Amino acid sequence: MEPQTERSLQARCMTACCSHCTLKARLPILGWLPRYRLAWLQMDLIAGATVGLTTVPTALAYAEVAGLPVQYGLYSAFMGGFVYCVFGTAKDLTLGPTGIMSLLCASHVHHDPVYAVLLTFLCGVIQVIMAMLRLGFLLDLISHSVIKGFTCAAAVTIGVGQLKNILGLGDVPQQFFLQIYHTLRKAPESRVGDVILGLLCLGLLVALAHMKNSLEHGSGDPSGHILLHGLATGRCALVVVTATAVAYACEVSGHRVFTIMGSTSQGLPPLRAPPFSETTPDGAVITFGEIAQDLGAGLVIIPLMGLLESIAIAKAFASQNNYHIDTNQEVFAIGLTNILGSFVSAYPVTGSFGRSAVNSQTGVCTPAGGVVTGVIVLLSLAFLMPLFGYVPKAALAAVIISSVAPLVDLNVAQEIWKDKGLKELLPFVVTFLASFWEVQYGIVAGVAVSSVLSLHSFTGLSFRRTHEDSGSHNL
């Protein structure tokens with residue numbers, strides 16, 4: 001073979017190899033699907049089904065936090081499983097509605113599903129553009145202390161916001177301090193049935209969570225505790241199903257003891273393009289520009305916080321289970337999930353730490369477990385929606401409170417002060433306190449304080465170096 005022909009063949013082989021590697025990087029499913037085994041399928045089915053039983057009740061609950069009809073939680077909970085299976089790089093991560101994302105959406109969409117769906121589309125577009133421009137490094141500009149401060153404040157805000165449902169109260173404002181005032185003022189009007197059910201559900205969830213931790217860290221043969229571990233892992237579904245059965249029995253017997261969700265939209269969501277305008281009941285048209293203006297800072301904060309939450313979770317599980325993730329590919333997968341989700345009336349989603357932990361602990365082998373979870377959510381939408389109208393609000397409130405409680409880390413301030421000093425503690429405190437006014441203001445204030453302190457530290461260091469260099473030159 002002539003040298004020129006040989007070099008040409010080598011160049012073609014290298015080009016084909018690079019193209020194949022690029023395709024595998026853009027479609028991570030090509031990396032694991034050809035090696036897929038029957039044993040993996042069994043583990044993915046178990047993990048996906050377990051996560052699905054957790055996803056359905058929590059999705060209903062988080063829609064309540066977002067201020068949207070409960071079906072929108074399920075509309076948002078299935079697309080991520082299908083998209084992430086093809087484009088995601090973390091086998092443990094599950095995408096869907098979360099407490100923090102729901103809280104952020106609530107402060108911008110004003111209980112309007114049109115705003116929520118359009119926000120989902122715009123968030124997805126922003127995230128995909130960031131992935132294409134490889135701007136994932138921008139997420140590192142938000143310091144760990146700001147994220148911790150926001151997370152703790154958001155968890156407290158969400159928990160306090162659910163007290164009205166535990167007590168069976170209505171017409172309570174959304175703003176944090178007004179919520180506390182009106183909840184305390186209306187406390188004598190609490191419904192006894194809701195209070196008893198809410199406290200029982202919350203107590204059962206705490207007990208099952210404690211039992212799950214004891215089984216996982218205890219000694220002895222774990223096979224003897226499979227049933228108990230399964231009940232503890234699916235505790236959200238167990239509590240909601242039991243509470244719904246009790247509420248249904250009371251309703252059909254003519255006793256309205258509990259506050260229930262009421263009528264819900266039935267069936268699968270319609271497949272249609274996201275709305276770019278809205279017509280009000282009186283015939284006025286709200287244009288795309290007006291909606292975007294109303295969404296305001298949410299168009300920056302929500303996509304960034306969604307990426308931060310999801311990538312932090314993916315990195316944590318990748319480190320724990322010894323595999324690598326591609327940050328920009330993760331950004332693309334989340335963005336595409338939001339874009340496609342807007343066509344099925346979803347609101348913005350991100351990675352869920354709780355459901356990802358369940359996914360990992362039940363032995364998921366590939367992102368295919370998310371497909372099983374997505375199918376379970378779709379089946380729930382297709383056949384169970386009439387029953388969801390009987391879900392007691394107090395039971396969902398208990399699920400939400402038990403889900404966000406672990407996010408409140410009472411020792412985090414002390415740890416930040418010990419490890420980082422005032423430079424990191426001050427942004428944490430500012431973010432934490434400002435988030436009770438408005439969650440988005442907390443993030444902005446924290447980033448501003450962190451930036452000022454970093455700039456001051458940098459300029460101070462530069463000044464000292466210049467002064468030292470000047471002194472050395474004079475000597």
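**A helix, a pocket and a loop residue**

Author: The buried residues of α20 are Ala394, Ala395, Leu396, Ala397, Ala398, Val399, Ile400, Ile401 and Val404. The model is a predicted one.

Reader: How many of the 12 residues of α20 are buried?

Author: Buried means under 20% relative accessible area. The cover over the buried residues of α20 includes α3, α8, α9, α11 and α13. α20 is mostly covered, and the number of its residues that are buried is 9.

Reader: How far apart are the end C-alpha atoms of helix α20?

Author: Helix α20 runs over residues 393-404, and its 12 residues should span 16 Å at 1.5 Å a residue. The model agrees with this, because the end C-alpha atoms are 17 Å apart.

Reader: Which element gives the largest share of the lining of the second largest pocket?

Author: The second largest pocket has a volume of about 710 Å³. It is lined by 35 residues, and Val65, His111, Lys164, Gln174 and Gln179 are the closest to its centre. The elements that give two or more residues to this lining are α3, α6, α8, α9 and α10. The largest share, 4 residues, comes from α3.

Reader: Is Ser76 buried or exposed?

Author: Ser76 lies in the loop between α4 and α5. Ser76 touches Gly96, Pro97, Ala346, Tyr347 and Val349, leaving aside residues up to four places away in sequence. Its side chain reaches the backbone oxygen of Tyr72 at 2.7 Å. Because its relative accessibility is 3%, Ser76 counts as buried.

Conventions
Residues numbered from 1 in each chain as written. Predicted model: local features only at pLDDT ≥ 70, side-chain atom pairs only at ≥ 80, totals over all residues. Heavy atoms only, no water. 1 Å grid on protein atoms, 1.4 Å probe; cavity = no way out; pocket = protein on both sides within 12 Å on 5 of 7 lines; lining within 4 Å. Points joined across faces, edges and corners; volume = space filled by probe spheres on them. Buried < 20%, exposed > 50% of the residue type's maximum accessible area, 1.4 Å probe, protein only. Polar contact = N/O pair within 3.5 Å; in protein donor to acceptor, adjacent residues only side chain to side chain. Contact = heavy atoms within 4.5 Å. Expected span 1.5 Å × (residues − 1).
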